[in-house]
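Biologist: I would like to learn how to read a model of this kind, one feature at a time. Could you take me through what each term covers and then show me the case at hand?

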Amino acid sequence: MLNPRRFYHAVGRKKFLEFLLLAAFILFFYGPMLNMLMLAFANEYTVPAVLPQEWGFKWWKYVFAQNSLVSSIVQSFIVAIITTAVSMVLCIPAAYSIARFKYRGRKLFMLSFLLTNAFPKLGIYTSIAVLFYRYGLMGTYAGVVIIHMINSMMFMVWLPASAFRSVHRQQEEAARDVGAGPVRTFFKITLPMAMPGIAVATLYTFLGSMEEAQGTLLVGLAKVQTMPVAMYGIVLDSSAVQIGAVFAILLIIPSALMIFLMRKYIGPEAISGGFKMK
């Protein structure tokens with residue numbers, strides 16, 4: 001085995017401290033994830049054992065054998081897709097207007113999207129629930145989608161607005177000079193060039209909808225039960241922690257897949273640029 005004293009003298013004090021910091025980061029960041037993966041494939045596991053007594057897919061079969069749990073998986077994807085699509089239809093035109101037109105109250109309008117993320121979510125959800133009761137939106141897909149959109153509108157407006165600002169007007173004017181109309185110029189020039197920022201905003205919206213639990217639980221009234229809502233019940237009511245680990249992996253898979261598919265669009269410039277109000 002490697003002798004720590006020899007390793008210290010071989011790499012030096014600075015590199016040794018950097019190695020310790022890296023090891024601590026890996027332990028505290030990846031340790032819980034590795035433990036979750038271990039639990040998901042453990043047929044039997046009792047504390048204080050370090051490793052499971054039996055490995056297998058027992059709890060995966062249990063999850064997919066429950067109609068209610070499978071239904072929650074399907075409902076999560078339905079709500080996330082609808083939320084993302086509706087957010088794009090409503091927010092991208094707003095982002096374009098903010099980026100291209102100068103009008104009074106424009107910065108205040110952008111700042112208003114931050115307010116929904118500046119206060120405790122549960123208080124906002126409770127206030128909204130009063131209005132939803134009045135208009136019959138409690139326990140409906142429409143009500144849940146609106147709640148999810150409230151959380152995502154900041155990203156769907158700020159990030160695309162920054163992307164549209166990065167498109168030079170000269171490029172649009174060049175397309176107009178050769179005969180392209182305003183609609184064709186938008187779809188052929190402006191929108192493709194702003195797509196990296198829009199893709200990042202779409203990713204945030206989809207993933208945020210997939211993991212939203214409190215608003216869905218309060219507004220959905222258990223009629224619209226997504227994966228995070230079902231996971232609450234599993235963790236609270238079940239003594240088998242393996243079920244919660246299986247559901248956690250099921251939530252991670254679409255997130256990892258989306259990040260992989262959009263990896264060329266995700267970068268510090270696309271993300272940080274959306275938070276600059278000019």
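**Reading contacts, cores and pairs**

Modeller: Let us begin with Phe 247, which, leaving aside its neighbours within four places in sequence, is in contact (heavy atoms within 4.5 Å) with Val 63, Leu 69, Ser 72, Met 227, Ala 230, Met 231 and Ile 234. This is a predicted model, in which local features need pLDDT of at least 70 and side-chain atom pairs count only at pLDDT 80 or more, while totals for chains, interfaces and linings use all residues. Residues are numbered from 1 along each chain as its sequence is written, and side-chain values use heavy atoms, with hydrogens and water left out.

Biologist: Which residues touch the most other members of the largest nonpolar core?

Modeller: A nonpolar core is a set of buried Ala, Val, Leu, Ile, Met, Phe, Trp, Tyr and Cys residues joined through side-chain atoms within 4.5 Å, where buried means under 20% relative accessible area, exposed over 50% and partly exposed in between, with a 1.4 Å probe and protein chains only. In the largest core, which has 29 residues, Val 63, Met 227, Val 246, Phe 247 and Leu 250 touch the most other members. Two or more residues come from each of helices H2 (13–40), H3 (58–65), H4, H9 (182–211), H11 (227–237) and H12 (241–261), the helices being DSSP runs of H or I with at least four residues, and strands runs of E with at least two, numbered from the N terminus. The most is given by H12, with nine residues. A second, separate core has 22 residues, among them Phe 113, Met 156, Leu 191 and Val 200.

Biologist: Is Gln 75, a polar side chain, buried or exposed?

Modeller: Gln 75, which is found in helix H4 (residues 67–100), has a relative accessible area of 10%, so this residue counts as buried. A polar atom of the Gln 75 side chain lies 3.4 Å from the backbone nitrogen of Gln 225. Setting aside neighbours within four places in sequence, Gln 75 is in contact with Tyr 141, Lys 223, Val 224, Gln 225 and Thr 226. Ile 78 also has its place in helix H4, but with a relative accessible area of 35% Ile 78 is partly exposed.

Biologist: How many of the eight residues of helix H1 are buried?

Modeller: The number is zero, so helix H1 (residues 4–11) lies largely in the open. Gly 12, which follows H1, has a positive phi, near 95°. The C-alpha atoms of Phe 7 and Ile 78, which are 71 residues apart along the chain, are separated by 53 Å.

Biologist: How should I read the aromatic pairs, and how many does the count come to?

Modeller: A pair of aromatic rings is described by the distance of the centres and the angle of the planes. Rings of Phe, Tyr and Trp (its six-membered ring) pair if their centres lie within 6.5 Å, with planes under 30 degrees apart counted as stacked, over 60 as edge-to-face and the rest as tilted. By this rule the count comes to 12 aromatic pairs. Phe 25 and Tyr 30 form an edge-to-face pair, at 6.4 Å centre to centre and 90° between the planes, with Phe 25 partly exposed at 46% relative accessibility and Tyr 30 partly exposed at 38%. Phe 164 and Phe 186 form a tilted pair, at 6.0 Å and 35°, and this pair links distant parts of the chain, Phe 164 being in helix H7 (residues 141–165) and Phe 186 in helix H9, 22 residues apart. Phe 164 is buried, at 0% relative accessibility. Ring pairs link Tyr 96, Phe 101, Phe 164, Phe 186 and Phe 187 into a cluster.

Biologist: How many salt bridges does the structure hold?

Modeller: Side chains of opposite charge can pair when their charged atoms come close. With the cut-off of a side-chain nitrogen of Lys or Arg within 4 Å of a carboxyl oxygen of Asp or Glu, the structure holds two. In one, Glu 18 pairs with Lys 15, the closest N and O atoms being 3.9 Å apart, and both residues lie in helix H2, three residues apart, about one turn of the helix. In the other, the side chains of Glu 172 and Arg 100 meet at 3.4 Å, N to O. Glu 172 lies in helix H8 (residues 169–177) and Arg 100 in helix H4, so the pair ties together parts that are 72 residues apart in sequence. Glu 172 and Arg 100 are both buried, whereas Glu 18 is partly exposed at 38% relative accessibility.

Notes. A polar contact is a pair of N or O atoms within 3.5 Å; within protein, one must be able to donate a hydrogen and the other to accept it, and residues adjacent in sequence count only if both atoms are side-chain atoms.
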